[in-house]
Structure formats: C-alpha cells, structure tokens
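Subject: Structure handover

Hi there,

Here is the structure I promised to pass on, with my notes below it. Have a look at it first, and then read on.

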Amino acid sequence: MPAEAEPARDCPLCPRLVAFREQWRAAEPGWHNAPVPSFGPLDGRLLIVGLAPGLRGANRTGRPFTGDYAGELLYDTLIRYGFATGRFEARPDDTLRLVDSRLTNAVRCVPPENKPTTQEMRTCRPFLAATIGLLPRLSAIVALGKIAHDQVLAAHGERLSHHKFAHGAVHRIGDLVLFDSYHCSRYNTNTGVLTPEMFRAVFAKVRAHIDALG
C-alpha cells in the first residue's frame, strides 16, 4: 500500500474512480479531474478531513472545498476562528490562505454520486494516514461527517465502536483530539441538519483547544 501522502495525478488504484475521472477529463478537459491534494501548511496543529471532492467543486478547481457551497460555509468559519486569512472567492488563485490548519479528504478522487465504496475508502486510507503522519505539530482533527470520522479512526487503528460519531462529539485518540461535525454540504444546511451556528460551535471548541496549548 502507498506510503505517500498524495496520490499521483493518474493514480490507478480504484478502477471505478479511474473510469469516472477519464469520463470527466473527456467532457471537461479544462477541469482538474484528478486526485485533489491537501491544502494548507504542514506545520498546522489542526487537520480538517472531508469525505471526497465534489464533482463541480474541488474536482473542477483542484483545491479542497473550492467551487461548491460546502466551501463557503467552511472557509467563512475558518476565517472567523482564525484558521484562515484573505478572501475566499471559490477559486484556487484567490487570496485565501490557511493558518495553523490543513485540509484533506478521506477519498482523494471524486466518486460517482459522491458515494465512495467501502473498498475505495479502504484503498485511499493510507494516503490519509500518511497525511496525518506528515504533520509534526498536529493536535486536533475535525471530521466532517461520519465517513471522515470512521476513516480517521481506522487510520489510527482505533475501534469504531469505542468512538461513536455525533455532531459536536469530542474524542481522545492518543495525543490527538478528534472533533465531530456534520458535513457542511448544501443538503445538510438546506434540510436544517446543520446550521451555521452548529458548525461554528464545533470550531469554537477547536479554537479553545488550540489556544489552550499555548
């Protein structure tokens, strides 16, 4: 299994995702249409883990949570709590920069209907584990959704039954603290599953945790 933190542009490991990638490269040759790399400095104390790139979001732009609604709420919240600076304009050449934080996805390639298979999640997990291992000052992880939560636990060899996912839940995993949030997708916000206030409350906890480290 790969030890690298970022898959190659033409990563061949998941045949279904490769076929989907090739389909969209043919349809939209100007899009990124490749595994989406992590974003943010390597010395950050916070890692935010999403599910997978959105088809017309990160798969198009090449930057996590850039180009669809989820990024609007996420980056606004990161700026609000001091984990980002600049202006988010939903394109990778805007002035937005992450501060003391890094963004990644549990699955790096866009899956059909935004639903990776269990095998695809398992196959991509070593990249997540390597990403976590690259961050020497890492203290906190925010999992956006249950799949991200489960993949973070699996990457650490933790039993899922010992750490149940719940919005606002906080888990201790060795030296790290895992914060759970519902995913900031348009579906979740439109249906009221997640409100901006609920999302901000999670990052208020994260900010307090990071600040307490000194």
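Is Asn188 buried or exposed? Asn188 is buried, with a relative accessible area of 14% (buried means under 20% relative accessible area, exposed over 50%, and partly exposed in between, with a 1.4 Å probe and protein chains only).

Before the rest, some ground rules. This is a predicted model, in which local features need pLDDT of at least 70 and side-chain atom pairs count only at pLDDT 80 or more, while totals for chains, interfaces and linings use all residues. Residues are numbered from 1 along each chain as its sequence is written, and side-chain values use heavy atoms, with hydrogens and water left out.

Back to Asn188, which sits in helix H6 (residues 186-190). Helices (H or I, at least four residues) and strands (E, at least two) are DSSP runs, numbered from the N terminus. Setting aside neighbours within four places in sequence, Asn188 has contacts with Tyr182, His183, Val193 and Leu194 (contact means heavy atoms within 4.5 Å).

Next, strand S1 (residues 46-50). Five of its five residues are buried, so S1 is largely enclosed by the rest of the structure. Leu46, Ile48 and Gly50 point one way from S1, while Leu47 and Val49 point the other way.

The loop between S4 and helix H4 (118-133) holds Glu113, whose phi is near 55°, a positive value in a residue other than glycine. Glu113 is exposed, at 69% relative accessible area. Asn114 lies in that loop between S4 and H4 too; its phi is near 60°, again positive in a non-glycine residue, and at 40% relative accessibility Asn114 counts as partly exposed.

Finally, H4 packs against helix H5 (residues 146-155) at an angle of about 70°, with the axes 9 Å apart. Axes are lines fitted to C-alpha atoms, for helices over the stretch in contact, and angles run from 0 to 180 degrees between N-to-C directions. Met121, Arg125, Leu128, Ala129 and Ile132 in H4 meet Ile147, Gln151, Val152, Ala154 and Ala155 in H5.

Happy browsing!
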